[in-house]
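Thanks for asking me to look this over. Here are my notes, as numbered points to read beside the model.

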Number of protein chains: 2
Amino acid sequence: MQTSETSLADLMLDMGKRARAASLRLSHQTAKDRSRGLLAMADALETSQGEILKSNALDMQQAKQKQLSDAMLDRLLLTPERMRAMSDAVRMIAGLPDPVGQTIANWTVPSGLDISRVRTPLGVIGIIYESRPNVTADASALCLRSGNAAILRAGSESLNSALAIATALRSGLEGAGLPADALQLVGTPEREAVGHMLTGLDGNLDVVVPRGGKGLVERVQNDARVPVIGHLEGLCHIYIDTDADPQKAVDIAFNAKMRRTGVCGAMETLLINEAIAPRVLPVIAAPLREAGCELRGDAQAKELMADLISATEEDWRTEYLAPILSIKVVKNLDGALAHIARYGTGHTEAIVTENTSTAERFLNEVDAAIALHNASTQFADGGEFGMGAEIGIATGRIHARGPVGAEQLTTFKYVVRGTGQTRP
Amino acid sequence: MQTSETSLADLMLDMGKRARAASLRLSHQTAKDRSRGLLAMADALETSQGEILKSNALDMQQAKQKQLSDAMLDRLLLTPERMRAMSDAVRMIAGLPDPVGQTIANWTVPSGLDISRVRTPLGVIGIIYESRPNVTADASALCLRSGNAAILRAGSESLNSALAIATALRSGLEGAGLPADALQLVGTPEREAVGHMLTGLDGNLDVVVPRGGKGLVERVQNDARVPVIGHLEGLCHIYIDTDADPQKAVDIAFNAKMRRTGVCGAMETLLINEAIAPRVLPVIAAPLREAGCELRGDAQAKELMADLISATEEDWRTEYLAPILSIKVVKNLDGALAHIARYGTGHTEAIVTENTSTAERFLNEVDAAIALHNASTQFADGGEFGMGAEIGIATGRIHARGPVGAEQLTTFKYVVRGTGQTRP
């Protein structure tokens, strides 16, 4: 069912106003209220499992008719087991520390004013995502944990599943005495709905979080008139220094590339110091190749291993998300830093070395959300950082950087307590 | 001299590239280097005083020919005394704590990784401002204190003064061994230069800070394709609660309105509880009126003081920046909060009350960068907050909120130290 452009605008604006009203109501709730709401959301997912799976079957049927790839179909599919994982994730978020109202800093100034910096919700968060249905529950739960109202826009392939999930979550919220409008899902498939969100729904949307492929994120970053917390690309490098422990280099490189090749924290380019390369590169390469990883090298790397495929300029710019690795031999730390400055995407960068001062220079100078010493880039994850859950890894420099958990979905205000002070 | 559109684009892009290169060079400098650079900038302002005053005289002459208002002419004027204040401000910033490299948080996760959140510069900051020449020095100094490169765009009326100041500052930087390109001023008056900055100079500009009137800030917020840290309006309210101490109410209201009427932290609307209004409103009004403040009231206020001018809907929406005050009688705290939620601009809001629980509810629920209890709204100022200096008061919710000092011009990265960890 298509909606006319005018009525779509009205519909979206109405959604924004309801979200703002819900966000104000949420500001009266306590952390306990939010936890109760989250547990009720998890329960509601379980009691609505039948309807949700039925809606998912409809999405799957349409997806098969559209001949989506097997990978896409797998991402779309819900099973009782995946439903269980979804409600477990919401329960886990219910158990996370609540960031709202935390005092980040407190000091007194000469005028006698007592100043506190206190965490507050951002307000209304718009989340635009692609096919995975579990994002509907994850994102909703993180927004509620941080006191925010959410407007969700799911991919059209998963719209029926997302609607069924959102309906369940809303009934859970309502049952727990929280405003159902704290969580709204755009119910129509029109592409223009995204455009309305990106212009801010007349001041009723405070920030947009795109979660999906590069195309989606770029569109959102280009068109948004509201701030964006976005994750663009993870073109992660590991630099093997001349003072690297060879065994650590082998283990970390293998894990960073092959543990899961499709995640944003996977290593895409290996940089290796020319002094250590003749001895260590073949040792690093062997298990990777054995595990089915395609290896592409620059001229210097090919001198050491003639059977490498020649890497082109394009390789240094490519986030493969696949079992492919580009390899470049560099003169020294400066060469590694220069390559990363040119081709890195500000996500996660690592160095393997036993030399502390080399490590500290790398950690200090490399420009990335996450800088690692002697550890796999696959640790780039909110869970591994102890945040419990994340909505993505932000690659921008503003507001949130790195894993975006509940805390990163807050802002703060200054609460100032006086005793009648006037300013001279 | 006009620049053709193509060559302007090239010129701006070149500026962006130089700024990025300077920002990378700055990342190798220490806090001490930055302090030395700042002191050299202050010295250079003094040794170049003659040239700067000459350039300012040229701006003044053209401004008079254009028949700018006396207020505008006064803002534009430089004197030896004002030059002294300018170099003193830069020296003061040289003495502020340097935020770069500070560890904000540190923890260890079960995998054994040691995680630190460390402050880093934002990168390249674009600052777009209007006529006051001292902003050229203030903004440059705050950007350098926080390790950022700056691209400045001054108002056309003050371009000669700004260029002379920037030339002096750059020579100071260079003399101290820091890259002069860490500070660049757009040297041409074309309006299109701003457009180029707002599209991010091909990824070489990380954030834009507009500093000026509402028109400028709105244009920047609407057109920017890069994040904006902006200060829109300060329509500040004070709510006089039924449990207010009358003397504090009188003193705070007078100071908040009249200390300086043209600042963003000035009170524009007084909200007063209906239970206390008959007794206290006339006492608050008398000294304001005596000091020349025009008083406008809603119907209920006029019942108490018949000689008030009638306030219209427009009054509740107006940041007067003048000796005018709108007054509204409200039923209770909820009435005050509802009025502020509707008309407030998220800048600074205050309550006067001796009732702690009423105060805490106000501080918690009011949506503003700064929420005050028993103190004048004119304390909304980075200096009064102990930040030393500020580039403005941010009214958005993303990244920086409230006074924007050196610390707010930084971001952070996660520095993760391992011992060879791979992710299971």
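1. Let me start with Asp202(A), which is exposed, with a relative accessible area of 64%. This is a predicted model, so please read every value below as computed from it. Asp202(A) is not a glycine, yet its phi is positive, at about 55 degrees. To find it, look in the loop of chain A between α8 (192-198) and β6 (207-211).

2. Gln67(B) lies in the loop between α3 (49-65) and α4 (70-76) of chain B. Is Gln67(B) buried or exposed? With 69% relative accessibility, Gln67(B) counts as exposed, because the cut-off for that word is over 50%.

3. Now the cysteines. How many disulfides does a search of the whole structure find? The count over all chains is 0. Cys293(A), for instance, takes part in none, and the nearest cysteine sulfur, in Cys236(A), is 15 Å away. Cys293(A) is also buried, at 4% relative accessibility.

4. Two helix pairs in chain A deserve a look. Helix α10 (residues 246-258) packs against helix α11 (residues 277-290) at an angle of about 40 degrees, and their axes are 9 Å apart. The crossing of α10(A) and α11(A) is right-handed. On the α10(A) side the contact residues include Val250(A), Phe254(A) and Met258(A), and on the α11(A) side they include Val280(A), Ile284(A) and Leu288(A). By type, the contact has 11 nonpolar residues, no polar ones and 2 charged.

5. The second pair is α14 (residues 333-343) and α15 (residues 356-365) of chain A, whose axes come within 11 Å and cross at roughly 20 degrees. That angle is why α14(A) counts as roughly parallel to α15(A). This crossing is right-handed. Leu333(A), Asp334(A), Leu337(A) and Ile340(A) of α14(A) meet Thr358(A), Arg361(A), Phe362(A) and Glu365(A) of α15(A). The residues of this contact split into 4 nonpolar, 1 polar and 3 charged.

Definitions and conventions: Residues are numbered from 1 along each chain as its sequence is written. Chains are lettered from A and ligands numbered from 1 in the order in which they are written. This is a predicted model: local features need pLDDT of at least 70, side-chain atom pairs count only at pLDDT 80 or more; totals for chains, interfaces and linings use all residues. Side-chain values use heavy atoms; hydrogens and water are left out. A disulfide is a pair of cysteine sulfur atoms within 2.5 Å. Buried means under 20% relative accessible area, exposed over 50%, partly exposed in between (1.4 Å probe, protein chains only). Axes are lines fitted to C-alpha atoms, for helices over the stretch in contact, and angles run from 0 to 180 degrees between N-to-C directions. Helices (H or I, at least four residues) and strands (E, at least two) are DSSP runs, numbered from the N terminus. Angles under 35 degrees count as roughly parallel, over 145 as roughly antiparallel, 65 to 115 as roughly perpendicular and the rest as oblique. A crossing is left-handed if the near helix is turned anticlockwise from the far one by less than a right angle, and right-handed if clockwise. Contact means heavy atoms within 4.5 Å. Ala, Val, Leu, Ile, Met, Phe, Trp, Tyr, Cys and Pro count as nonpolar, Asp, Glu, Lys and Arg as charged, and the others, Gly among them, as polar.
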